Amino acid sequence: MKTDTQRPRPGAAILRTALRRNIGAMIAGTVLMGLYQAAETAFPIALGLIVEHTMQDRSLGSLGVSIGSLAVIITTVSLSWRFGMRVLQKANTTEAHRWRVQVAACGLQPVARDVDGLKSGEILTIATEDADQTADIIEVVPLLVSSLVAVVVAAVALSLADIRLGLLVIVGTVGILSILAVMSKRIGSSTQEQQAKVARAGAKVADLIIGLRPLHGFGGNHAAFGSYRKVSTDAKRQAITVAKVNGAYAGTALALNAVLAAAVSLTAGWLAFGGQISIGELVMAVGLAQFIMEPLKMFSEMPKYVMIARASAERMALVLSAPPVATPGPERPSPGGDLEIEGVRHGTLQGVKFQVAAGEFVAIAPYQPRAAADLVAVLAVNVAPPAYEGVVRLGGQELADLSVEAVREHMLVNPYDAEIFGGTLRTNIDPSGTSRTLPEAVEASMLTDVVALHRDGLDYAVRDRGANLSGGQRQRLSLARALAADTDVLVLHNPTTAVDAVTEQLIARNIAKLRRGRTTLVITSSPALLDAADRVLVLDEGIITAEDTHRNLLAGDEAYCLAVAR
């Protein structure tokens, strides 16, 4: 067993990782955005100098130099902004993609981590919205620094005119940020709570969509919709709370920035009226007072975005830092694929024990559907080995000593409700495009009539979840995919419940023929599949109670006859 040495990844560590991975892009973006802000600040300064000198000299040469200087400033503003934002947004998008992939990888391996009860819908929200908001930190820091550059340049320029103007900008900026820093903490906590409630609502609606048909079947749709309405209403109320906090924050920031700009303008006017600064310096001061509102607004908004990014990073940490449910081992199963289950206790299983030799075709007839589902969950490694008693061996190696990838490479467990993806028949049967037995799998699963029905054949478009296929067609498509994988060990759970008896008989014979010499375990109550197997195991009350051929069991076991005869 390997020891998991990965350290916990709290929100702050996630943000540090994002910053460290993009340090080059952030430096380039900071330089360009700093140049943009410096050029923006230089514009009112240049106007003041033009008024101060050019208008006094009234020289065409000085006017030409002034116009040229303004053109250089405007060009610098345009190009530095364009390329600076291009660099930062590319890094932002790339980093968001990295986190989406990482969160999705954890979410797609349910045995790898204990995600603290998060549902798939919540993990989806974390892998999309939270990943994007966390990656925003890459833009926030350069914009914060560049806004600071603008404030510093403005303060220095005003100080050269009169030290009181520069001090007013510095003191006012510090005061504004101090007030807004306190308010941003409330935004962070409120946003984190909102994201959690929105994720829960998303998970609830995903569950409803998946179970919509059964809900309609027994009339539970109204109660289910009522449950979703309650969760959605909670999310709405929290969103309104967050909007109010954000509105208060934005309004306060705007008001404080306007007060500072007005204070600088009035102070400059008072100093000019008293003859302490020149007309050119007054023009510069008023221009800077108007300009400085934009970088101050950006500067004051940055703490809010930092807190939002921190809140999203903390939610991602729920998935990325979740402790492993089972630590995979380094071993690999031996080729050939014998399967041994010894004394397994999980759910309704009460010490199941049996062995399937390499190359054998064995069927299990479960009298209770729940026991079949529990056995499939154990074999599919959807339940970690430490979560059940007993031992499962694949190719002579215990599952606890194997990585999930090694198990799934050698043993494929195909559930009765396997997912059908949007794409084509071909991409559903052979997603990787590497199967060497695709034609044989199509024929064995009796999917040939579906292929022949459409002019595009295997390239016939399949809608998401197989919406344009019947239940029997979806089931045969799933079976074809399992057979095309051609793994050492194949476990099928009720692969023919949605097909007619004649088709089922043909599929049973085809599976036995195609899988000859390969280990196959079918969990089913289908007489056709039970008859095609080398031997049948009876699973009753969580244990194996009988073992023989299908026909011998029919002849000598009344309970078996009642359970499987149709």
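Predicted model: local features only at pLDDT ≥ 70, side-chain atom pairs only at ≥ 80, totals over all residues.
When residues up to four places away in sequence are not counted, Ile-511 touches Phe-361, Leu-479, Leu-483, Leu-492 and Leu-529. In soluble globular proteins, nonpolar side chains tend to be buried together.

Helix α5 (residues 137-161) packs with helix α9 (residues 279-291) at an angle of about 160 degrees, the two axes lying 10 Å apart. Because angles over 145 degrees count as roughly antiparallel, α5 is described as roughly antiparallel to α9. The crossing of these two helices, α5 and α9, is left-handed. On the α5 side the contact is formed by Ala-150, Ala-154, Ala-157, Leu-158 and Ala-161, which meet Glu-281, Met-284, Ala-285, Leu-288 and Phe-291 of α9. By residue class, this contact of α5 with α9 consists of nine nonpolar residues and one charged residue, with no polar residues.

Thr-496 lies in the loop that runs between β9 (489-493) and α17 (501-514). With a relative accessible area of 2%, Thr-496 is buried, since residues under 20% are classed in this way. Leaving aside neighbours within four places in sequence, the residues in contact with Thr-496 are Gln-475, Glu-504, Ile-507, Ser-526 and Leu-529.

Terms used: Residues numbered from 1 in each chain as written. Heavy atoms only, no water. Axes fitted to C-alpha atoms, helices over the stretch in contact; angles between N-to-C directions. Helix = DSSP H or I, 4+ residues; strand = E, 2+ residues; numbered from the N terminus. Parallel < 35°, antiparallel > 145°, perpendicular 65-115°, else oblique. Left-handed = near helix turned anticlockwise from the far one by under 90°. Contact = heavy atoms within 4.5 Å. Nonpolar A, V, L, I, M, F, W, Y, C, P; charged D, E, K, R; others polar. Buried < 20%, exposed > 50% of the residue type's maximum accessible area, 1.4 Å probe, protein only.
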